[in-house]
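Please keep the sequence and the structure in view while reading.

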Amino acid sequence: MASPNPIEATPGTVYAYYLYGLRSMVYAMAVVSGLGILLMMGLTCVEIIVRLFKHSIYPYDIVKITGAVTISCALPYTTAVKGHVAIEFFFHKLSRRWRILVDTTTRSLAILLFSLLAWRCFAYGTTLLQKGEVTLTLQIPTYWIMYVISFSCVLVVLIIFEHMLHPGKELIKP
């Protein structure tokens, strides 16, 4: 039976379990991202309806938090399906050797960038936790948002590394 995913591994191996776990986490983050969009839409609609009766539910903190979580949770899925914007016009004009060099260099720089982002977001989240930072109006703790962004960046690093090992293939079919 053929696997629906382009990157395959021998069933029962550690690598197969790793890929299954990575794909599962990416799908879970995509679900959280989708739910975040629904929550923002719902809160906005409720706020409009409640304002007709001259009241407000003050959804600003929740929408800001949900926006940050939604964007960070969508990043691993977008990376896994290779959904980012690419400049293919110039890339295809290069020779095969130069394409490999440019692709490897940009992926390596992306791994470095997202590794640094993951590390700094985690460190900043720890600082926010120690200081007890909360949102202004609803007093919601903010440290966990940085942990979500950090986890998302770690997943992106793993996905980019997987793409380097299997060039030309998506981790997940869209």
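A residue is called buried when its relative accessible area is under 20%, exposed when that area is over 50%, and partly exposed in between. The model discussed here is predicted.

**Nonpolar cores**

- The largest nonpolar core contains 14 residues, and those that touch the most other members are Leu-22, Val-26, Val-69, Ala-80, Ile-159, Leu-171 and Ile-172.
- Two or more residues of this core come from each of helix 1, helix 2 (60–80) and helix 5 (143–165).
- Another core, of 7 residues, lies apart from the largest one and includes Ile-111, Phe-114, Ala-118 and Cys-153.

**The largest pocket**

- The volume of the largest pocket is about 950 Å³.
- Its lining consists of 27 residues, of which Lys-82, Phe-91, Asp-103, Thr-106 and Arg-107 are the closest to the centre of the pocket.
- At least two lining residues are supplied by each of helix 2, helix 3 (88–91), helix 4 (96–131) and helix 5.
- Among the contributors, helix 4 gives the most to this lining, namely 10 residues.

**Residues with a positive phi**

- Most residues other than glycine have a negative phi.
- Lys-82, which is not a glycine, has a positive phi near 55 degrees.
- Lys-82 is placed in the loop between helix 2 and helix 3, and Lys-82 is also among the residues closest to the centre of the largest pocket.
- The relative accessibility of Lys-82 is 30%, so this residue counts as partly exposed.
- Gln-139 is likewise not a glycine, and its phi is positive, at about 60 degrees.
- The position of Gln-139 is in the loop between helix 4 and helix 5.
- With a relative accessibility of 48%, Gln-139 counts as partly exposed, because the label "exposed" requires a value over 50%.

Note on methods. Residues are numbered from 1 along each chain as its sequence is written. This is a predicted model: local features need pLDDT of at least 70, side-chain atom pairs count only at pLDDT 80 or more; totals for chains, interfaces and linings use all residues. Side-chain values use heavy atoms; hydrogens and water are left out. A nonpolar core is a set of buried Ala, Val, Leu, Ile, Met, Phe, Trp, Tyr and Cys residues joined through side-chain atoms within 4.5 Å. Buried means under 20% relative accessible area, exposed over 50%, partly exposed in between (1.4 Å probe, protein chains only). Helices (H or I, at least four residues) and strands (E, at least two) are DSSP runs, numbered from the N terminus. On a 1 Å grid over the protein atoms alone, a cavity is a set of points where a 1.4 Å probe fits but cannot get out, and a pocket is an open set with protein on both sides within 12 Å along at least five of seven lines; lining residues have an atom within 4 Å of a point. Grid points are joined across faces, edges and corners, and a volume is the space filled by probe spheres set on the points.
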